[in-house]
Amino acid sequence: MATQLDVEQKSDTEAFRDEVRQFIGENFPEELKGQGNAMSAVEGPGDETPAQKKWREAVGARGWGTPTWPSEYGGGGLTRKQAAILNEEFARAGAYNPIGGMGVMMFGPTLLEFGSEEQKKEHIPPICRGEVRWCQGYSEPNAGSDLANLQTMAEDKCDHYVVNGQKTWTSGGQWADKCFCLVRTDRSDKHKGISFLLIDMDAPGVEVRPIQMISGLSMFCETFFDDVKVPKENLVGEEGQGWTIGKRLLQHERTNLSGGGSMARLMGASLSDIAKKYVETDDNGRIADAVLRDKIADFEIRWNAFLLTARRAAEESKAEGGVSEISSVLKKVGTKLGQERAELAIEIMGMQGLGWEGEGFTEAELSGVRAWLFGKATTIYGGSTEIQNNIIAKRVLGMLDHQ
Amino acid sequence: MAVLNDEQEMLRDMAREWTTNESPVTEWRKVRAAGDPQAWDSSVYATMAEMGWTGVIIPEEHGGSDFGWLSAGLVVEQLGKTLTASPLVATTIAASAIILGGSDEQKAEWLPRITSGEVVATLAVDESARHDPSKIEAAVSDGKLSGTKKFVHEAHGAGLFVVAATDGLYLVPAGDGVTLHNRSLADQRNHADVEFSGAAAHKLASGGDDLLEQVLDRARVLTACEMLGMAQQVFDTTLDYLKQRVQFNQVLATFQALQHRMADLFADLALMRSAVEGGLQALDAGFRTSQAATMAKAEANRVLHLVSKEGIQLHGGIGMTDEYDVGFYLKRARVLEASFGSTSYLKDRYASLSGY
């Protein structure tokens with residue numbers, strides 16, 4: 001039996017749904033239907049078309065690109081339920097969320113938790129409006145998996161810091177306006193000597209060099225800091241708190257890397273659809289090569305079990321109000337399956353799936369090759385698979401360190 | 001673990017408490033030692049019926065609680081953990097055939113007696129050592145069934161067989177024209193070839209053409225639940241062992257080579273649980289059940305196979321001994337993997353269902 005409360009809640013949600021539909025109707029340019037996010041984490045900015053700009057500004061003004069962030073800082077201030085409705089309605093209309101990038105995925109949530117009032121007021125609203133690109137200054141040539149070994153030094157000069165050192169694998173560094181950075185403020189303690197500092201990428205002394213990757217693309221950069229002056233108010237949290245804040249940010253990164261966003265984007269059409277296009281089928285529409293058919297089924301079963309696991313992790317987190325312990329496996333499994341899929345797609349397509357450039361290949365074929373190669377990074381970045389295994393063994397399974 | 005409602009949580013906690021306290025693996029050792037081909041304790045099954053476990057999927061009008069498949073799966077998972085021998089899985093699968101395909105009279109005749117625990121029932125499909133429901137020769141003429149079914153689970157002690165014949169599913173009560181030939185498998189549980197020679201057979205006529213497949217999907221999912229409990233238990237036991245065993249003056253759990261293997265198994269277990277629970281939820285929702293059930297058993301096969309092998313290897317020599325439980329799980333695992341579809345059978349089926 002529906003109670004009075006149910007009825008009220010229902011009418012509230014329906015009213016909100018109407019509001020979203022009206023907003024989309026008034027603001028979403030028809031020509032953008034079915035397009036992806038123009039501001040993703042790893043791709044270049046491209047040139048924003050007037051229609052894309054209009055849509056970004058409209059969504060940004062409402063804070064609906066960051067729907068659950070507090071409205072006082074420019075977020076949508078919506079409940080999870082309302083955010084879900086927003087998603088549904090965007091999907092229904094073929095619209096995308098134009099607000100994205102590392103500011104939304106990683107830095108924003110972390111700053112909301114650890115930043116000062118002034119920092120939140122300064123940095124969160126431009127993220128919500130999609131006006132500022134952030135990049136991540138974590139890894140260094142000698143600090144990859146052993147991240148806490150980082151050596152980039154921020155020297156205290158009373159009213160400011162002077163930063164010297166080198167970061168690497170700075171995703172999108174060549175396009176970024178600002179960088180959230182882990183720097184060393186104390187050489188005497190590996191972990192407690194690390195601080196979390198915000199650096200303007202156009203500050204004097206910052207130099208960015210894109211790195212050409214095996215995929216032929218340059219999504220990552222080396223970033224050099226040569227006597228870069230950084231104001232003291234750009235320190236997040238206390239001096240020496242950087243490792244704690246930095247790890248928290250990595251949790252946001254893992255959630256985003258595994259969950260789906262980036263992985264799902266790399267996935268494209270189903271393997272069986274690709275196979276039907278490239279290899280022989282029998283009279284019943286079955287893939288004639290029984291071994292290949294078996295490999296595809298084997299993959300798709302595990303992939304679907306992974307998708308169910310991602311959904312289950314989300315449901316458990318919501319019900320229990322914390323992070324589900326199976327969340328720890330999502331990054332490791334999702335990235336591995338993504339790579340397997342890319343390899344299988346190539347096996348299906350044969351030489352046609354290995355085109356590098358030029359005539360004789362479709363756009364999808366060419367981008368598939370680049371995605372296959374780029375995908376090799378997914379089990380290395382964001383905490384490599386080996387690091388994930390350490391985390392699962394120690395934190396979830398309680399297996400101890402060597403004595 | 002799927003998010004449960006109160007009644008499901010209660011049922012699971014009750015099953016967990018009962019199996020832990022009343023039916024640990026030592027109880028299975030006693031049943032095994034007794035050497036009876038039935039290989040389950042009748043008083044244990046009576047207790048299960050008293051606790052309501054025999055009626056979890058049975059409609060209330062026939063004495064059941066109609067809690068649904070997710071609830072049934074929660075109980076079976078707990079039974080799998082301690083290798084509790086009982087005909088609950090077989091009987092629940094057979095009951096589902098009656099619910100899906102039985103007439104009102106057939107339901108009224110059998111379901112209350114199944115709920116009360118009076119009747120044990122089981123599904124008899126395969127006629128060779130490998131699961132293949134497309135190869136059925138058992139046939140009924142003038143209400144009499146003739147044919148032989150191989151490796152039927154819980155046949156000893158069954159009062160009712162649900163038998164796949166060339167033209168559909170039939171109810172065949174134990175008795176005249178039904179002969180059992182014991183088949184002792186590595187798991188030392190209850191299996192027999194069942195020979196039907198002119199046994200009285202009553203058709204389950206209401207289920208439609210795909211009744212057998214619908215019942216097999218339920219068999220696959222429920223079997224996968226038992227396998228999930230087993231895999232979880234082998235994993236937990238192995239983890240405990242690694243935390244205790246000392247070599248080179250180090251607890252084994254501190255070795256990274258072993259940590260990463262356990263992390264891999266933990267991830268696979270997560271996928272297995274999602275697939276199995278997804279199968280149960282699909283049965284309850286009645287949506288894309290064939291695909292979900294096929295996936296559930298395929299993942300259960302894959303992961304339990306791996307976990308049961310690794311369980312022995314990670315225990316080392318002690319895992320090879322009868323004194324340790326881990327070997328029981330290995331032997332039971334392979335029997336369940338072969339039941340209602342091997343991994344290759346299920347992958348083929350999944351591909352066909354997906355249109356490739």
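In this predicted model, the largest nonpolar core holds 144 residues, and the members that touch the most other members are Phe161(B), Leu169(B), Val172(B) and Met272(B). Helix α7 of chain B (residues 211-244) contributes the largest share of this core, with 17 residues. A separate core of 46 residues lies apart from it and includes Phe23(A), Met102(A), Ile124(A) and Leu150(A). In soluble globular proteins, nonpolar side chains tend to be buried together.

The surroundings of Leu169(B) can be described in detail. Leaving aside residues up to four places away in sequence, Leu169(B) touches Ala97(B), Leu123(B), Val162(B), Val163(B), Ala164(B), His202(B), Lys203(B), Leu204(B), Leu211(B), Leu212(B) and Val215(B).

In chain A, an unreviewed UniProt entry annotates residues 135-228 as "domain: Acyl-CoA oxidase/dehydrogenase middle". Over residues 135-228 of chain A, the chain is 52% strand and 0% helix, with its end C-alpha atoms 17 Å apart. Cys181(A) is placed in strand β4 of chain A, residues 178-184. Is Cys181(A) buried or exposed? Cys181(A) counts as buried because its relative accessible area is 0%, where the cut-off for buried is under 20%. With residues up to four places away in sequence not counted, Cys181(A) touches Gly137(A), Lys167(A), Ser195(A), Phe196(A), Leu197(A), Ile199(A) and Phe225(A). The C-alpha atom of Cys181(A) is also 8.7 Å from that of Gly246(A), although 65 residues separate the two along the chain.

The interface between the chains brings 39 residues of chain B into contact with 43 residues of chain A.

| Property of the interface of chain B and chain A | Value |
|---|---|
| Buried area | about 3,300 Å² |
| Share of buried area from carbon and sulfur atoms | 62% |
| Salt bridges | five |
| Residue pairs in polar contact (both at pLDDT 80 or more) | 18 |

Which elements of chain B each supply at least two residues of the side that touches chain A? They are α7, α8 (256-285), α9 (289-315) and α11 (343-353). Of the side of chain B that touches chain A, α8(B) provides the largest share, 17 residues.

Individual residues complete the description of this interface. A salt bridge joins Arg293(A) to Asp348(B), with the closest N and O atoms 2.6 Å apart. On the burial of area between chain B and chain A, about 3,300 Å², the residues of chain B that lose the most area to chain A are Phe266(B), Lys347(B) and Tyr356(B), which together account for 23% of what that side buries.

Methods:
Residues numbered from 1 in each chain as written. Chains lettered and ligands numbered in written order. Predicted model: local features only at pLDDT ≥ 70, side-chain atom pairs only at ≥ 80, totals over all residues. Heavy atoms only, no water. Core = buried A, V, L, I, M, F, W, Y, C linked by side-chain atoms within 4.5 Å. Buried < 20%, exposed > 50% of the residue type's maximum accessible area, 1.4 Å probe, protein only. Helix = DSSP H or I, 4+ residues; strand = E, 2+ residues; numbered from the N terminus. Contact = heavy atoms within 4.5 Å. UniProt positions renumbered as here; feature names shortened; annotations may be inferred. Buried area = accessible area lost by both parts, 1.4 Å probe. Salt bridge = Lys/Arg side-chain N within 4 Å of Asp/Glu carboxyl O. Polar contact = N/O pair within 3.5 Å; in protein donor to acceptor, adjacent residues only side chain to side chain.
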